[in-house]
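Reader: Please take a close look at a single part of this structure. I would like one connected account, with the contacts spelled out.

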Amino acid sequence: MKVDRRSFLSFILGGAAGTALSPLPWKLTDDLSIWTQNWPWTPVPEKGEISYVSSACTLCPGGCGILVKKSAERVIKIEGIKGHPINDGGLCILGLAGAQLLYGPTRIRTPLKRINGGWQKISWQDAIAEVVAKLMQLRVDGLAHKVACVAGSDRGTVPGLLNRFLTVYGSPNFIRTPSIWDSYELTLYLTQGTRSMAGFDIENADFILSFGSGLIEGWGSPGYMLRAKSMLCKKGGRMDQIESRLSKTAAKSDHWISIKPGTEGALALGLAHVIIKEGLYKREFVDGYTTGLSERYQRMIDGFPPEIVSRTTGVSTGTIVALARDFAGARRPLAICGQGQGHLPGELQEFLAVHTLNALVGNINQPGGIWAVPEPEYIDWPELEMDAVASEGFQQPRVDGAGSIQYPNARYLLSRLPAVINASQESPVELLFVSSANPVFSLQDTASVKKAFEKISMKVSFSSYMDETAAMADLVLPNHVFLERYEDIPAASGFPKPVIGLAKPVVQPLYNTRHVGDVIIQLAKELGHNIGAAFPWEDYATCLEETLGDKWDALVEEGYWVDNAFNGTDWANAFETDSAKFEFTNSEIMALADYAPLKPEGDETLYPLLLVPYDTMRITSEYVGSPPFLIKALEDTILKGNLGLVEVNPETAKALGLSDGQDAKLTTPKDSARVKVHFSNGIMPGIVAIPRGLGHTAYDKFLAGKGVDYNQLSSPAEDPASGHNAAWGIQAKLSKA
Amino acid sequence: MTTDQKANENSAAGAGPRPIPPSSGTEVSGNTGGGMVILFFMLGLIVSLIVGWVIFPQVLYSQKKQPVDFNHVLHNDEVEDGCESCHFFRDDGTFSGVPRLSQCVDCHEEVNGEDPEEEKFVNEYVAKDREVPWLIYSRQPSNVFFSHAAHVKMAQMDCVTCHGNIGETENLKVYEENRISGYSRDIWGKNIAGLKRNTWDRMKMDDCSECHQKENVNQNSVQTHKGGCFVCHH
């Protein structure tokens, strides 16, 4: 039998008819439609009992209370706790995206050791043995002071344990990462004599005068500041933003006063000049509770009349005079400073000038004012017994120079460390611990920072993520992430009341990680003798519970403890200076270098533009990298594809022959990078701006290689008054790519 | 040859039967064409019907055994509240579904009987504190919103109406997983044609709407009072 064309067609026809009469096509269509509506690779939360765990966010020093929603054991949502004293139900975008930091691909899952340039997984036992061997060797060699630690904070039990470990081991080199809070602490110390934290009663003020502070862009505790700014608006308060660029905070202010960048201190002195000259200051406070105003005026303020200030700052004389009168005339005026999110300490004299304004209007420790919030005192550990090696090592000068004759006021000067190491033949740091910090990324002049870190023979990172610093480390001892561990939060940045938060484990640790507190205790016990004896606790959890004492139960229950009765100390008892008054000036302030706007690095003829950084809530620039959700939420005026955008005034761009959206090359004395031009009328001609926090080389594919790293293009500049980094920009040029 | 002769020859060749080589099939079809066409049509029909009705369902579903067998009858005798003893509503009104290990541990901390399945359960899961990865016959696609409370508590429906007499089984049946969609065969129903005899034979959208229409259920969302897809889908 031969099959011809007609038979074949008949067969096909029969087959088609049979198929149509079978369930096959209908069932396949149905299954495919179900498949397309439920892509198997789209993550769907595990089904299970919904539960909530209240905890606290440790992703920034804001101290917000968080309510973590879980489905069975899976974290599915993080929201703010309603009624929490700091954030009252609100939460920033980073906090909301926190689950991605728990489950994301960038986590380090087990201790790692660098061998021949690659990573090798090692056991905890071996990792700790390696560190102990190095620590023992350094002590035997009499080099205990060559151990240093960089930590994100110096308050609370974890930084406390690190600091205690270094001290009893024999090193003075515990270093906190820099921020505006260094300058605020110093300002309060110099004028009021207290070791305290600056708190701002924003919600009860009626006029906020902000010298470039990104009040709604992550300055201070974002959870509190966003809420407080809303309260200010609701109550009809006024906010003026002094900033060279139309930031979101400037856009949401009543007045935006555009100023030449880096001259904010001059404007503050100019305002003080007008207030004093016109006798607008609050006599009750100034006459009764302060000293040194006339000396301060003679030494500094007199040299800043509105006409001169106008030339320096670019703000008109009329505006300066009107602003001074409005500020002094307000019922509860409050001046704040610290650029953007406040990651750079800035110029101490600028902080003193802004604080002088608050003192002139008597808004210190008053409703709607700046409050000196006492440092937390719950850590009361046994006195240390130092052996001879420890005593000798601890008495060595600090490697960063803080506290030396040259920098008597600074407590920590991390920004100086790379230069110190690079200037030495042999690195003054042999073993470096890094905890909750990413200095290789967050310090300026990345090339020299990397060069310095390469000179340190052993770097131990406690990072939970493969960040830039961990990527350069020799050993990584990964900490649990914030949803997996206990940790006390001793304060909230800029919050006006003493508050303690407690972060609790929401889920069991997912990987082979270990709490940094436990690692420190274990290291101490392995070293034994006086070092081991200084850590009498079995583990970190015991240490924390014992340390918090009678507050523990309330903290576990509520998640926070707040001193609601605190309303700032009254003027008669607030000041611990020699005169027991607020001191506009004294011998220590007189000894400081006078205010002068800091000149940015670079030759103006070669680099005619000024590059300034800006902060946005959607990019983190410190220890925790931006999780994917934040990068997804970035506007295309900041990042387009993998190219970062540079904000340029159309006038400047046209003079350079650049058009909107065009690729360009941004060059500074430090480095150059490819960028995209973004026309913005919100930036002065001659100035260009890029955000901080992009251009990562580490972390994961969601973050690495996106945009430009400002720190790579810029360099730190030392504030002559404090030694801290006060660089607010760098000379730059922009050319066609 | 004259032109006429040529013309005659041509016309003769055109009118008469062509000289066809014996091997050509046209001769066969020319003689028995209708029969073969029908035969092949029928052949195609039968093959595709067999493929569609018999082979396709076998290929479409993979057979999976539950990690541990479970005797509903035995457990039903031991508990007081029937199905709700283990498949209960949580305090917030959500339905617990398949029990978690913590519910079983009370009785099964150690091996109680001689059943090798229980031994496996205790050794593999209870001792190691691992949840049993039960295969759930009634799991709906994740874009379906279904509230047990609305049906069981408010409409007073019986478990059996949708889930059948699963409480009267002594073993767990084989879980047939759809290779394309990944869901259980029980959603479409055992019958590949989609026919059903009992309310619990299928769990497709049509089955939901059939009952909703018959019972004259409010077609709008309780929360938003709006109708449409998003009442039951998200």
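Author: In this predicted model, 35 residues of chain B are in contact with 29 residues of chain A. Helix α2 of chain B, residues 26-60, gives the most to the side of chain B that touches chain A. Its share is 18 residues. By class, that side of chain B has 18 nonpolar, 15 polar and 2 charged residues.

Now chain B itself. Chain B has 234 residues, and 9% of them are buried. Chain B holds 9 helices and 2 strands. From the N terminus on, the order is α-α-β-α-α-α-α-α-β-α-α. Among the contacts in chain B with a separation of 6 or more, 63% join residues 24 or more positions apart.

Next, chain A. Its division gives domain 1 (5-37), domain 2 (123-178 + 381-479 + 514-550), domain 3 (181-374 + 586-590) and domain 4 (609-736). The centres of domain 1 and domain 2 of chain A, taken over C-alpha atoms, are separated by 71 Å.

Here is the close look: helix α10 of chain A, residues 264-277. Take its packing with helix α15 of chain A, residues 348-360. The two pack at an angle of about 30°, and their axes are 8 Å apart. Because of that angle, α10(A) is roughly parallel to α15(A). The crossing is left-handed. On the α10(A) side, the contact is made by A:Glu264, A:Gly265, A:Ala268, A:Leu269, A:Leu271, A:Ala272 and A:Ile275. On the α15(A) side, it is made by A:Gln349, A:Glu350, A:Ala353, A:Val354, A:Thr356, A:Leu357 and A:Leu360. The residues of this contact divide into 9 nonpolar, 3 polar and 2 charged.

Now take α10(A) with helix α13 of chain A, residues 306-313. Their axes come within 9 Å and cross at roughly 165°. The angle is over 145 degrees, so α10(A) counts as roughly antiparallel to α13(A). This crossing is left-handed. From α10(A), the contact takes A:Ala266, A:Leu267, A:Gly270, A:His273 and A:Val274. From α13(A), it takes A:Pro306, A:Val309, A:Thr312 and A:Thr313. The residues of this contact divide into 5 nonpolar, 4 polar and no charged.

To recap the part in view: α10(A) is roughly parallel to α15(A) and roughly antiparallel to α13(A). The contact with α15(A) includes A:Ala268 and A:Ala272 of α10(A). The contact with α13(A) includes A:Leu267 and A:Gly270 of α10(A).

Technical notes. Residues are numbered from 1 along each chain as its sequence is written. Chains are lettered from A and ligands numbered from 1 in the order in which they are written. This is a predicted model: local features need pLDDT of at least 70, side-chain atom pairs count only at pLDDT 80 or more; totals for chains, interfaces and linings use all residues. Axes are lines fitted to C-alpha atoms, for helices over the stretch in contact, and angles run from 0 to 180 degrees between N-to-C directions. Helices (H or I, at least four residues) and strands (E, at least two) are DSSP runs, numbered from the N terminus. Angles under 35 degrees count as roughly parallel, over 145 as roughly antiparallel, 65 to 115 as roughly perpendicular and the rest as oblique. A crossing is left-handed if the near helix is turned anticlockwise from the far one by less than a right angle, and right-handed if clockwise. Two residues are in contact if their C-beta atoms, placed from the backbone, lie within 7 Å. Ala, Val, Leu, Ile, Met, Phe, Trp, Tyr, Cys and Pro count as nonpolar, Asp, Glu, Lys and Arg as charged, and the others, Gly among them, as polar. Domain bounds come from an automatic or database domain assignment. A residue is buried if 20 or more other C-beta atoms lie within 10 Å of its own, exposed if 12 or fewer, and partly exposed in between; C-beta atoms are placed from the backbone.
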